[in-house]
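The sequence and the structure come first, and the description follows.

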Amino acid sequence: MSQSLVLLKPDAVRRGLIGRILQRLEDTGLRIRNIKMYDPPDYCHILKHYESTDEWLFNVGKKTIEDFVSAGLTLEEVKRDYGVTDEMGIGRVVKNRLIEYLTSGTVVAVIVEGNMAIEKVRLMIGHTIPAMAAPGSIRGDYGTDNAAFAAASKRSIENLIHASDSPETAEKEIDLWFGSGC
Ligand code: GDP
Ligand code: MG
């Protein structure tokens, strides 16, 4: 038995998807152990939740450039939408927009429990970028956003849901949202 920390992000709440997403998790046999609404969450929670290392910033920047290239866009367009073209610079812009996104409305924090809960929920949410997420996954079924489309409006990719990616992050995230907080 293990526990995963799920966040229903502001776009999921705005679109009235709380019930449907939780239903999908419960349908698999996973159980909801706790729910807490943050209306909206404060910066401290989001900063602690996304404690991004230099490696994360670089990789997000790299992924964003690749996403632009695969959408047939150029480095000039990266510059137009991010103000910079280097991986670390883009990573920092993405991080700031991510904080704006997560503090823009209500977030629902959920503890999900069950056999292989962390792995199962990650499989169910699908790829980070909804446009690339498989049909049948939560992000794939309810979204089509990608980096280039989001960046044209100078906002974060909106992908409805977060889920812990390892036992270590699950423990830390459950403590942040349900325990000692900020
Ligand atoms: P997740 O675990 O699938 O949510 O993805 P990450 O932990 O790598 O990233 C955290 C959040 O940052 C994602 O859910 C997105 O909202 C945002 N993000 C991640 N990668 C990118 C990217 O390449 N471009 C942009 N614009 N946002 C991203
Ligand atoms: Mg993550």
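In this predicted model, aspartate 145 has a relative accessible area of 7%, under the 20% cut-off, and is therefore buried. The side chain of aspartate 145 meets that of arginine 155 in a salt bridge, with 2.7 Å from N to O. This pair links distant parts of the chain: aspartate 145 sits in the loop between helix 8 and helix 9, and arginine 155 in the loop between helix 9 and strand 4, 10 residues apart. Arginine 155 is partly exposed, with a relative accessible area of 25%.

The count of salt bridges comes to six. Three of them, including the one just described, are set out below.

| Salt bridge | N to O distance |
|---|---|
| aspartate 145 and arginine 155 | 2.7 Å |
| arginine 24 and aspartate 141 | 3.1 Å |
| aspartate 81 and arginine 80 | 2.9 Å |

Arginine 24 and aspartate 141 form a salt bridge through their side chains. Arginine 24 belongs to helix 2 (residues 18–27) and aspartate 141 to helix 8, so this bridge ties together parts that are 117 residues apart in sequence. Aspartate 141 is partly exposed, at a relative accessible area of 38%. In the bridge between aspartate 81 and arginine 80, aspartate 81 counts as buried at 2% relative accessibility, while arginine 80 is partly exposed at 48%.

Asparagine 146 lies in the loop between helix 8 (138–142) and helix 9 (147–152). With a relative accessible area of 18%, asparagine 146 falls under the 20% limit and so counts as buried. A polar atom of the asparagine 146 side chain lies 2.9 Å from the backbone nitrogen of phenylalanine 149. Apart from neighbours within four places in sequence, asparagine 146 is in contact with Asp67, Ile129, Ala131 and Ile157. From C-alpha to C-alpha, asparagine 146 and glutamine 23 are 26 Å apart in space, and they are 123 residues apart in sequence.

Serine 137 is found in the loop between helix 7 and helix 8. Serine 137 is buried, with a relative accessible area of 6%. A polar atom of the serine 137 side chain lies 3.1 Å from the backbone nitrogen of glycine 140. Not counting residues up to four places away in sequence, serine 137 touches Arg24, Met124, Ile125 and Gly126. One of these, Arg24, is the arginine that forms the salt bridge with aspartate 141. Glycine 126 follows helix 7 and has a positive phi, near 85°.

Which residues of helix 7 are buried? They are Ala117, Ile118, Val121, Met124 and Ile125. These residues cover an arc of only 135° around the axis, which puts them on the same side of helix 7. They pack against strand 1, helix 2, strand 3, helix 8, strand 4 and helix 10.

Helix 10 can be read in the same manner. It has 12 residues and reaches 16 Å from its first C-alpha to its last, close to the 16 Å expected at 1.5 Å a residue. The buried residues of helix 10 are Ala170, Glu173, Ile174, Leu176, Trp177 and Phe178. They span an arc of only 165° around the axis, which places them on the same side of helix 10. Glu168 and Glu171, on the other side of helix 10, are exposed. The cover over the buried residues of helix 10 includes strand 1 (2–8), strand 2, helix 3 (43–49), strand 3 (107–114), helix 7 (117–125) and strand 4 (161–163).

The count of aromatic pairs comes to two. In one of them, the ring centres of tyrosine 38 and tryptophan 177 are 4.9 Å apart and the ring planes stand at 85°, so the pair is edge-to-face. This pair links distant parts of the chain, with tyrosine 38 in strand 2 (residues 31–38) and tryptophan 177 in helix 10 (residues 167–178), 139 residues apart. Tyrosine 38 and tryptophan 177 are both buried.

How values were computed
Residues numbered from 1 in each chain as written. Chains lettered and ligands numbered in written order. Predicted model: local features only at pLDDT ≥ 70, side-chain atom pairs only at ≥ 80, totals over all residues. Heavy atoms only, no water. Phe/Tyr/Trp six-rings, centres within 6.5 Å; stacked < 30°, edge-to-face > 60°. Helix = DSSP H or I, 4+ residues; strand = E, 2+ residues; numbered from the N terminus. Buried < 20%, exposed > 50% of the residue type's maximum accessible area, 1.4 Å probe, protein only. Expected span 1.5 Å × (residues − 1). Arc of directions from axis to C-beta. Contact = heavy atoms within 4.5 Å. Polar contact = N/O pair within 3.5 Å; in protein donor to acceptor, adjacent residues only side chain to side chain. Salt bridge = Lys/Arg side-chain N within 4 Å of Asp/Glu carboxyl O.
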